[in-house]
Each structure stands twice: as C-alpha cells, then as structure tokens.
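Colleague: I'm new to this one, so please show it to me and then let me ask away.

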Amino acid sequence: MQFKVLTLLTTLVAVAAAGAIPGRGGSAEDKAINDFTEKCKGSGQSVICCNKTSSSVSKGALTGNLNGGDVACNSVPSYVLAGTLAQTQAQCGGGLGCCTSEAVESRIVSGCSGFAV
C-alpha cells in the first residue's frame with residue numbers, strides 16, 4: 001500500500017513538473033526562445049528583456065538600439081527559465097538580448113545580440 005501511494009505521488013510530481021517547465025514542447029517559436037536563452041546563459045552571458053521606447057531618455061538598466069529599435073532593457077536573473085512566445089511578447093515587447101558582462105556594466109545594448117519577438 002505504501003509503495004503504491006509513493007509511486008502515485010512520484011508520478012504526479014513528475015507530470016506536474018513536466019507541465020510547469022515553459023519552453024519545453026510547445027511551438028517552434030517557444031523552442032527558439034528557449035534555445036536562445038540557454039545558449040546565451042551557456043556562454044556565460046546575460047539575457048536581457050527589452051521594451052520599445054520612443055524617447056531618447058529611456059528608463060531601464062540598459063538602453064540603446066536592439067533589433068532595429070530603441071529599447072530600455074533589464075537583466076533577466078539566471079535562474080529564470082525561458083517562457084513561451086506569448087509570455088515573452090507580453091513582458092519583452094522589444095525583444096530579448098544576450099549581452100556580455102562588459103555591455104551590462106556599460107549599460108548599453110548596442111553590443112548585444114538580439115532575438116526579436
């Protein structure tokens with residue numbers, strides 16, 4: 001009886017965890033976002049989340065031009081997993097970036113590679 005309960009709980013936890021991991025499965029766009037962020041983190045760089053801005057005085061940790069538009073960006077903590085395309089578009093309308101520590105320290109995104117959403 002205890003073995004059956006433990007097996008059932010283990011199975012439920014595994015199913016819940018698999019469903020809670022964004023970027024796994026899903027659309028090709030979701031996979032592309034996951035691949036971009038994992039490659040960026042894997043190379044020791046920082047992922048940034050950007051929003052478009054129309055003024056020359058941008059508010060954000062990093063500013064500049066990314067994916068052909070003026071943006072204000074913030075670093076994404078390394079423990080945050082990639083989301084779906086819909087989540088990324090809602091939070092990072094100006095796209096995602098991958099920046100070296102030097103770019104983050106200088107607070108300018110012009111040297112960062114971009115991922116348009």
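Modeller: Words first: helices (H or I, at least four residues) and strands (E, at least two) are DSSP runs, numbered from the N terminus. What you see is a predicted model, where local features need pLDDT of at least 70 and side-chain atom pairs count only at pLDDT 80 or more, while totals for chains, interfaces and linings use all residues. Residues are numbered from 1 along each chain as its sequence is written, and side-chain values use heavy atoms, with hydrogens and water left out.

Colleague: How far apart are the end C-alpha atoms of α2?

Modeller: Helix α2 covers residues 28-42. The expected span is 1.5 Å times one less than the number of residues, so the 15 residues of α2 should span 21 Å. The model agrees, with the end C-alpha atoms apart by 21 Å.

Colleague: Where on the helix do the buried residues of α2 fall, seen down its axis?

Modeller: The buried ones are Asp-30, Ile-33, Asn-34, Phe-36, Thr-37 and Cys-40. An α-helix has 3.6 residues a turn, so residues three or four places apart point the same way. Taking the arc as that of the directions from the helix axis to the C-beta atoms, the buried residues of α2 fall within 160°, so they line one face.

Colleague: Which exposed residues does the face of α2 turned away from its buried side carry?

Modeller: On its buried side, α2 packs against β1 (46-52), α3 (85-91), β4 (95-99) and β5. The face turned away from that side carries the exposed Ala-28, Lys-39 and Gly-42.

Colleague: Which residue just after α2 takes a positive phi?

Modeller: Look just past the end of the helix, where phi is about 80°. The residue there is Gly-44.

Colleague: Which residues does Ile-33 touch, not counting residues up to four places away in sequence?

Modeller: Ile-33 lies in helix α2 and is buried, with a relative accessible area of 1%. Its C-alpha atom is separated by 8.6 Å from that of Leu-96, which is 63 residues apart along the chain. Counting contact as heavy atoms within 4.5 Å, Ile-33 touches Ala-82, Gly-83, Thr-84, Leu-85, Thr-88, Leu-96 and Phe-115.

Colleague: Which residues form an aromatic pair?

Modeller: Rings of Phe, Tyr and Trp (its six-membered ring) pair if their centres lie within 6.5 Å; planes under 30 degrees apart count as stacked, over 60 as edge-to-face and the rest as tilted. The structure holds one such pair. The pair is tilted, with 5.2 Å centre to centre and 35° between the planes, and its members are Phe-36 and Phe-115.

Colleague: How many residues apart in sequence are the parts that this pair ties together?

Modeller: Phe-36, which counts as buried at 16% relative accessibility, lies in α2. Phe-115 lies in strand β5 (residues 113-115), so the pair ties together parts whose separation in residues is 79.

Colleague: Which residues lie nearest the centre of the largest pocket?

Modeller: On a 1 Å grid over the protein atoms alone, a pocket is an open set of points where a 1.4 Å probe fits, with protein on both sides within 12 Å along at least five of seven lines; lining residues have an atom within 4 Å of a point. The lining takes at least two residues from each of α2, β1 and α3. Of its 15 lining residues, those nearest the centre are Leu-81, Ala-82, Gly-83, Thr-88 and Leu-96.

Colleague: Is Asn-67 buried, exposed or partly exposed?

Modeller: Asn-67 lies in the loop between β2 (62-66) and β3 (69-75). Its phi is near 55°, a positive value in a residue other than glycine. With a relative accessible area of 40%, Asn-67 is partly exposed.

Colleague: Where is the place of Arg-107?

Modeller: Arg-107 is not a glycine, yet has a positive phi of about 65°. Its place is in the loop between α4 (101-106) and β5.

Key:
Buried means under 20% relative accessible area, exposed over 50%, partly exposed in between (1.4 Å probe, protein chains only).
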